[in-house]
Amino acid sequence: MKFKFVGILGLTTLLGAHPQCLLDAYPDLVVSANDQSVTLKNGTVFPYRTSSSKTTWDEKINNADLETQLSQSYDSGGIDTPPSYLFDPGRLRYQPLFQSLYGKDKPSIEKNLVTIEWPTLKGNRKLRVNRSEGVDKKLFAIGQEIAKLPHSDRIWAEGAATYEYRVIKDTDRLSMHSFGIAVDLAPSKTQYWKGEATSETAKIGYKNTMPLSIVRIFEKHGFIWGGRWYHYDTMHFEYRPELLAPKCVSKTQ
Ligand SMILES: [Zn+2]
């Protein structure tokens, strides 16, 4: 019986999130969303599916459209089972959506940045975060909750870094740190897939030391964790509520 139960939820993981998840996550930006198009309040219409070829993994990651962005459901369950081959929910991104949400270029993004206080074991430090969608308030609340965890967990939230306008190494894609909606924690003690492989489709072994207690706090506030990706980036969290809305998320463990 238990096996059957896991099987049903496992199937949910295979099904992607629905266009409605964008509307639920960004109600101030998106006015309608279906499997043809996504319309924004300012009249911009994004196709849900673009015509560019997305057959290979490299094409998917470099030319993701909104359908591709939602094609893998985020799994907010336990962290004992490594993500399966090329399972990267949230790592496939349609960049124009994030430019509409947080700023179309560096000057526009920087106009939206505010400074928040982030508690550390040595006192507060300041982090620059995007105020659109209330990301600044959410990250502030996360910092306050982490500060209540035991010392052995809090050490994993040290060395926080947020805004930096840059492309992802070896790609043309903007890092989510460029929008001021991502945070890296404990950079010297966490794990990154590229330490083991340089090709996107290489077979790599999963590694993680980030505690689940910290991951759960971020997810509660709409941030996904890069440790749930096959291409693991265990220091990395980013605000992606379209993957965490109750009817859009799955939970297999
Ligand atoms: Zn990062």
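Two residues are in contact if their C-beta atoms, placed from the backbone, lie within 7 Å.

**Basis of the model**

The structure is a predicted model, in which local features need pLDDT of at least 70 and side-chain atom pairs count only at pLDDT 80 or more, while totals for chains, interfaces and linings use all residues. Residues are numbered from 1 along each chain as its sequence is written.

**The nonpolar core**

The largest nonpolar core has 55 residues, and those with the most contacts inside it are Leu22, Ile181, Ile214, Phe218 and Leu243. A nonpolar core is a set of buried Ala, Val, Leu, Ile, Met, Phe, Trp, Tyr and Cys residues joined through C-beta atoms within 7 Å. A residue is buried if 20 or more other C-beta atoms lie within 10 Å of its own, exposed if 12 or fewer, and partly exposed in between.

Apart from neighbours within four places in sequence, Ile181 is in contact with Tyr102, Asn130, Val135, Met176, Glu238 and Tyr239.

**Helix 7 and helix 9**

Helices (H or I, at least four residues) and strands (E, at least two) are DSSP runs, numbered from the N terminus. Helix 7 (residues 135-146) packs with helix 9 (residues 212-220) at an angle of about 150°, and their axes are 9 Å apart. Axes are lines fitted to C-alpha atoms, for helices over the stretch in contact, and angles run from 0 to 180 degrees between N-to-C directions. The two helices are therefore roughly antiparallel to each other, a term for angles over 145 degrees. On the helix 7 side, Ile142, Glu145 and Ile146 meet Ile214, Ile217 and Phe218 of helix 9. The residues of this contact divide into five nonpolar, no polar and one charged.

Within helix 9, the buried residues are Ile214, Val215, Ile217, Phe218 and Glu219. The buried residues of helix 9 pack against helix 7, helix 8 (151-154), strand 7 (223-225) and strand 8 (236-239). Just after helix 9, Gly222 has a positive phi of about 90°.

**Two loop residues**

Asp35 lies in the loop between strand 1 (30-33) and strand 2 (37-40). Asp35 counts as exposed because it has 12 C-beta neighbours inside 10 Å. Leaving aside neighbours within four places in sequence, Asp35 is in contact with Pro19 and Tyr48.

Tyr230 is found in the loop between strand 7 and strand 8. With 19 C-beta neighbours inside 10 Å, Tyr230 counts as partly exposed. Tyr230 and Trp193 are 37 residues apart in sequence, and their C-alpha atoms are 8.1 Å apart in space.

How values were computed
Angles under 35 degrees count as roughly parallel, over 145 as roughly antiparallel, 65 to 115 as roughly perpendicular and the rest as oblique. Ala, Val, Leu, Ile, Met, Phe, Trp, Tyr, Cys and Pro count as nonpolar, Asp, Glu, Lys and Arg as charged, and the others, Gly among them, as polar.
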